[in-house]
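This report covers side-chain packing, charged pairs, ring pairs, strand pairing and backbone angles. The structure comes next, and the notes follow.

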Amino acid sequence: MESTTAKSSFELSFKTLSKEINDMLISIEKNPVETDNFHNILQKINQLQELLNDSKTFLPAYNMKKNSDEIKELTKCYEQLHEKMQPKKKFTFGKQPTTSAVKAKVEDKFEPIKESKVYKADCGFKNRSNENHLILEEDETFMKDVALDELTNCIVLICGTPSTVRATSLTMVNVYVCAKTSIYIENCKECTFICGSQQLRIHDTVDTKFYMYVTSSAIIENSKKLQFAPISFNTSLILKKAFEMADFDLSKNNWKIVNDFDWLSSDPSPNWCEIPEQERKQPYEDNMLLYLFPKLLNKGGTIFS
């Protein structure tokens, strides 16, 4: 009887919140000036996911799958509408131009920053290997969308608070990042992410560790051999500043809540586990600090405020 009551209460809450999200999406589409509501929609989607996570103990597998699909569809609608109403310049990693005329055209479009393959129309790194100092500084990432693609055996430090981060096809890469909203990870293996965000979505990824902070929950799909632990600022001083800038409440870290879309049973998923405390070895930032500090001094800046 208690389970039936809980299920009925869940269904009502889920339906009400889902309708609120849908109505907000429709409202923005009809009235584009309301695009400031995108942040509120994302928060409500997070709440919907948390509501579903908390209901695993009494919801049948069919209901879990049905409601998970509904959240995925709402998230997809949110992302499509966000792209439509607030389009970004397309982020492309172009090859080096072969003629001066082509070079002028490409540089006019992408506006290269300094000597790295990083561009202001969003920013990121692609096709890099065996590099230990791939760094984006605060002024390059603030409220930008960062893309990391096809990196091998690298260390990436993203300072400041980018809006979103997408990491695709990374192998043996350490990534330090604090995103204001979401981090999307796809087709990565043997990596370590030291990260924080409101949402963390992981797809087609194997043998990867996460030392993380998340305000909603992590979502994994078609992934295995993933390991999770809470982020430690004892080894991540630059990220500590970024967390303060993002105004995250560090006492509310849902790193233990991982929603596996491929495992609907109430039993623990075989695709992920917590890293035992005695085995937690979050990578240090020391080498990045030594590399970054002289650059900031030359610019008259400082790592810490």
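## Aromatic pairs

Phe228 is buried, with a relative accessible area of 0%; buried means under 20% relative accessible area, exposed over 50%, and partly exposed in between (1.4 Å probe, protein chains only). The model is predicted, so local features need pLDDT of at least 70 and side-chain atom pairs count only at pLDDT 80 or more, while totals for chains, interfaces and linings use all residues. Residues are numbered from 1 along each chain as its sequence is written, and side-chain values use heavy atoms, with hydrogens and water left out.

The structure holds 7 aromatic pairs. Rings of Phe, Tyr and Trp (its six-membered ring) pair if their centres lie within 6.5 Å; planes under 30 degrees apart count as stacked, over 60 as edge-to-face and the rest as tilted. Phe210 and Phe228 form a stacked pair, 5.1 Å centre to centre with 15° between the planes. Phe210 belongs to strand E10 (residues 206-214) and Phe228 to strand E12 (residues 224-230), so this pair ties together parts 18 residues apart in sequence. Helices (H or I, at least four residues) and strands (E, at least two) are DSSP runs, numbered from the N terminus. Phe210 is also buried, at 0% relative accessible area.

The rings of Phe243 and Phe248 are edge-to-face, because their centres are 5.7 Å apart and their planes stand at 75°. Both residues are buried: Phe243 has a relative accessible area of 1%, and Phe248 has 13%. Ring pairs also link Phe193, Phe210, Phe228 and Trp272 into a cluster.

## Nonpolar core

The largest nonpolar core has 35 residues, of which Leu148, Leu170, Phe193, Phe210 and Phe228 touch the most other members. A nonpolar core is a set of buried Ala, Val, Leu, Ile, Met, Phe, Trp, Tyr and Cys residues joined through side-chain atoms within 4.5 Å. In soluble globular proteins, nonpolar side chains tend to be buried together.

What is Leu148 in contact with, leaving aside its neighbours within four places in sequence? The residues are Phe125, Val156, Ile158, Arg166, Ala167, Thr168, Leu170 and Val175, where contact means heavy atoms within 4.5 Å.

## Strand pairing

E3 and strand E5 (residues 164-171) pair in the parallel sense over 7 bridges; two strands pair if DSSP finds at least two bridges between them. Across this pairing, Asp149 stands opposite Thr168 in E5. E5 also runs parallel to strand E7 (residues 182-186), joined by 5 bridges. There, Val165 stands opposite Ile183 in E7.

Arg166 lies over the face of Tyr184, at 4.3 Å from the ring centre. A charge sits over a ring if NZ of Lys or CZ of Arg is within 6 Å of the ring centre and within 35 degrees of the ring normal.

## Salt bridges

The count of salt bridges is 7, each being a side-chain nitrogen of Lys or Arg within 4 Å of a carboxyl oxygen of Asp or Glu. Side chains of opposite charge can pair when their charged atoms come close. Asp149 forms one of these with Lys126, the closest N and O atoms being 3.9 Å apart. This pair links distant parts of the chain, with Asp149 in strand E3 (residues 145-152) and Lys126 in strand E1 (residues 123-129), 23 residues apart. Asp149 is buried at 17% relative accessible area, whereas Lys126 is partly exposed at 23%.

Lys241 and Glu138 form another salt bridge, with the closest N and O atoms 2.8 Å apart. Lys241 lies in helix H6 (residues 237-246) and Glu138 in helix H5 (residues 138-141), so the pair ties together parts that are 103 residues apart in sequence. Lys241 is buried at 14% relative accessibility; Glu138 is partly exposed at 32%.

Asp69 and Lys72 meet in a salt bridge of 4.0 Å, N to O. Being 3 residues apart in helix H3 (residues 61-85), Asp69 and Lys72 are separated by about one helical turn. Asp69 is partly exposed at 32% relative accessibility, and Lys72 is partly exposed at 25%. A network of salt bridges links Asp69, Lys72 and Glu221.

## Positive phi angles

Most residues other than glycine have a negative phi, and most peptide bonds are trans. Asp207 is not a glycine, yet has a positive phi of about 50°. Asp207 is found in strand E10 and is partly exposed at 34% relative accessibility. Lys225, in strand E12, has a positive phi near 55°. Lys225 counts as exposed, at 54% relative accessibility.
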